[in-house]
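Subject: The structure I promised you

Hello,

Here is the structure I said I would pass on. Please have it open while you read, as my notes refer to it throughout.

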Number of protein chains: 2
Amino acid sequence: MTTPRLTPLAASLPADVPFVGPETMEREAGRPFRARLGANESAFGPSPRAIEAMARAASEMWKYSDATSHDLRHALADRMQAEPDQIVVGGGIDGLLGTLVRLTVAEGDAVVTSDGAYPTFNYHVTGYGGELHKVPFRNDREDLPALLARAAETGAKLVYLSNPDNPMGSWHDAQTIEAALDDIPDGTLLVLDEAYVEFAPEGTAPRIDPEDPRVLRFRTFSKAFGMAGARVGYASGARALIKSFDKVRDHFGMTRPAQAAALAALGDGGWLTEVKNRVETAKTRISEIAAANGLVALPSATNFVTVDCGADGDFARAVLGELVARGIFVRMPGRPPQDRCIRITAGLTEELDALEEALPKALAAARVRQTG
Amino acid sequence: MTTPRLTPLAASLPADVPFVGPETMEREAGRPFRARLGANESAFGPSPRAIEAMARAASEMWKYSDATSHDLRHALADRMQAEPDQIVVGGGIDGLLGTLVRLTVAEGDAVVTSDGAYPTFNYHVTGYGGELHKVPFRNDREDLPALLARAAETGAKLVYLSNPDNPMGSWHDAQTIEAALDDIPDGTLLVLDEAYVEFAPEGTAPRIDPEDPRVLRFRTFSKAFGMAGARVGYASGARALIKSFDKVRDHFGMTRPAQAAALAALGDGGWLTEVKNRVETAKTRISEIAAANGLVALPSATNFVTVDCGADGDFARAVLGELVARGIFVRMPGRPPQDRCIRITAGLTEELDALEEALPKALAAARVRQTG
């Protein structure tokens, strides 16, 4: 009896996870977190209409979903000022990024991203055997000219840009991105991840003709719409590229209740406004808590605040560890010099109360660790 | 401006879908089906406990799912007499098959299946560049000795067997499969798709040590549990193979409400018994309707009945077309000689009433077409 023969590529991959989930951490700690501020989820929840739509759809879960997400796709086309055949719906941006990488990246193909940008994108690229080329952040922002220059140098299939970006919360305005489009090298696709764009100031989302073959933009119901656990994302781009997703995607892979919930959520603009207001209030509070502890909160166009802990990565990791030990789930950037920061999601008042209580203790303990 | 450069493999693939969904057919027809009997869904629905669990979980959909499906995986381990690390949960059998093929099949690798067996498995194999070798059904059953012989000849990475099988509804007993295990060629993995096993007679599911590296078995909540639109499947097998799924799977890809619903469904054995009884009643009725029209219903260990239309594939396709035109959604086997049949899912009484009314007309119209 031998074990199944993995492909050489699969055999070479580690059985890593891009992120350890909070439930796993809670099981390991033997108790629940007091504050769930680590995954940029929306603790303010989805629209009541989305909750109701999912509850109503629950009794219909015996039916496979509509494989074309017809109604949702049409509603999203309106939202994106695109045509329905310029939209593909999938299992969150994560799922759609995986499909895109599969379609475009063969073993050895070059892909460009920022050093410290979204790990799940990197996970997909590595998983399909692509070669990642990483460009440093510049002033805590993704360095678009350098990304495009590296793409030209390496003949990259894809170049990844999140705007606003995770994990720093920084952003480029629409004009900057629009002006850069002509610098995208021939044959490179700009992967524009706009997961957080609903939180950004007016004038952040670039105007791009959906049929422009140089860009594929990704959006999600996971953040502002408060539906991370329902797995609904979408990509908008040129018809030929959108159609190519049909070559390999899991056609019946969406859940039917999530399709219903997303459609209902789209119709509740009032809730989106309410969430954005609550997020702004929470972000202000996080900044005040940071300042009260002598730390600097970076400007953010997202639903999280990245807080500069004022020293190096080892210190920030110690602060993070001490917060987690006190029941405060937060995460942090992985690469220097951004790893001097921790990243705190806009949460509920009681969660921020817990943060306020824990942060000075965590800082003190981290300082003891450092000098100890 | 050039279009993005797909990989040579992706460029070679058609933008086909394994199945056209009933919603698409309804939109094209401009009216809903009277009877939804084509996708082997369970019109009897999920357990009321599953519905309630999903409705309750709806307000928690803002949280990403537990990436390890810990609670569900532990419950499934009990059910499968396996350990939790011998189980992986994924987005239905479709999703899990895709991940398995990705892990094991590189371009040009041989894979063996039956000619006319599950198209979505073939879709994944082709999608990763595998070479499909197809073995004919024998007496309307998958021909296990011939499948294993072909696997040996071709050095296949995977050999696919559904038991009970789709689309014929036939099955092998446990002993037959257990006895064949030693004939699995070295380095070949038996992909045992047991999507319908809950409907099969006692003694159909083989006893296989979960740690046996020659077999990976797949089960689902889509059929007997009535949760096709919730996308929950699982695979059980050797730890090393199960662990390898972590190399590439979409870790946070499950929806949280579906995890909750599946866990609740597992706890409601009474509902499963009720559904099985209703399915048996519906299958008997379908067989009677077939007999009343001079057609022969094949024995079935699933939630559908495959009905021999008594002539060739062209005639069965005509019957199917005439049924669909009359609002009866059914499907049929794709390859001769099994394509002499149509496949009818066990449905609600009113759906079978509609079938009873439509079938004689469809047969008459198909006969006119044939002689016309």
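Below are some notes on what was found in it.

First, the ground rules. This is a predicted model, in which local features need pLDDT of at least 70 and side-chain atom pairs count only at pLDDT 80 or more, while totals for chains, interfaces and linings use all residues. Residues are numbered from 1 along each chain as its sequence is written, chains are lettered from A and ligands numbered from 1 in the order in which they are written, and side-chain values use heavy atoms, with hydrogens and water left out.

**The annotated stretch of chain A**

The UniProt record, an unreviewed entry, places "domain: Aminotransferase class I/classII large" on residues 37-352 of chain A. UniProt positions are given in the numbering used here, feature names are shortened, and annotations may be inferred rather than shown by experiment. Over residues 37-352, chain A is 38% helix and 15% strand, with the end C-alpha atoms 9 Å apart. Helices (H or I, at least four residues) and strands (E, at least two) are DSSP runs, numbered from the N terminus.

**Strand 8 of chain A and its partners**

Strand 8 (residues 233-236) of chain A is covered on both faces: A:G233 and A:A235 are buried on one side, and A:Y234 and A:S236 on the other. Buried means under 20% relative accessible area, exposed over 50%, and partly exposed in between (1.4 Å probe, protein chains only). Strand 8 of chain A runs antiparallel to strand 2 of chain A, joined by four bridges, and four bridges also join strand 8 of chain A to strand 7 (residues 215-220) of chain A, again antiparallel. Two strands pair if DSSP finds at least two bridges between them. A:Y234 is the bridge partner of A:V89, and A:R219 also stands opposite A:Y234.

**A sheet in chain B**

In chain B, three strands form an open sheet in the order 9-10-12, with antiparallel pairing. Strand 9 (296-297) and strand 12 (341-345) of chain B stand at the edges with a single partner strand each, so one side of each has no neighbour in the sheet. Strand 10 (residues 304-308) of chain B pairs with strand 12 of chain B over five bridges, and B:V305 stands opposite B:I344. Helix 11 (residues 269-292) of chain B lies across strand 9, strand 10 and strand 12 of chain B, at about 15 degrees to strand 10 of chain B. Axes are lines fitted to C-alpha atoms, for helices over the stretch in contact, and angles run from 0 to 180 degrees between N-to-C directions; contact means heavy atoms within 4.5 Å.

**An enclosed helix and a buried aspartate**

Nine of the 11 residues of helix 10 (residues 256-266) of chain A are buried, so this helix is largely enclosed by the rest of the structure. Among the buried ones are A:R256, A:Q259 and A:L266. The cover comes from both chains, and includes helix 3 (48-57) and helix 4 (70-80) of chain A as well as helix 2 (22-29), strand 1 (35-36) and helix 3 (48-58) of chain B.

A:D339 lies in the loop between strand 11 (328-329) and strand 12 (341-345) of chain A, and counts as buried because its relative accessibility is 6%. Leaving aside neighbours within four places in sequence, the contacts of A:D339 include A:D312, A:R317 and A:M332.

**Backbone details**

Most residues other than glycine have a negative phi, and most peptide bonds are trans. A cis peptide bond joins A:N166 and A:P167, with omega about 20 degrees, and A:P167 lies in the loop between strand 5 (158-162) and helix 8 (174-180) of chain A. In chain B, the bond from B:N163 to B:P164 is cis, with omega near -5 degrees.

Phi is positive at A:Q81, near 50 degrees; A:Q81 is found in the loop between helix 4 and strand 2 of chain A and is exposed, at 73% relative accessibility. Phi is also positive at B:S69, near 45 degrees. B:S69 is found in the loop between helix 3 and helix 4 (70-80) of chain B, and is buried, with a relative accessible area of 6%.

Best wishes
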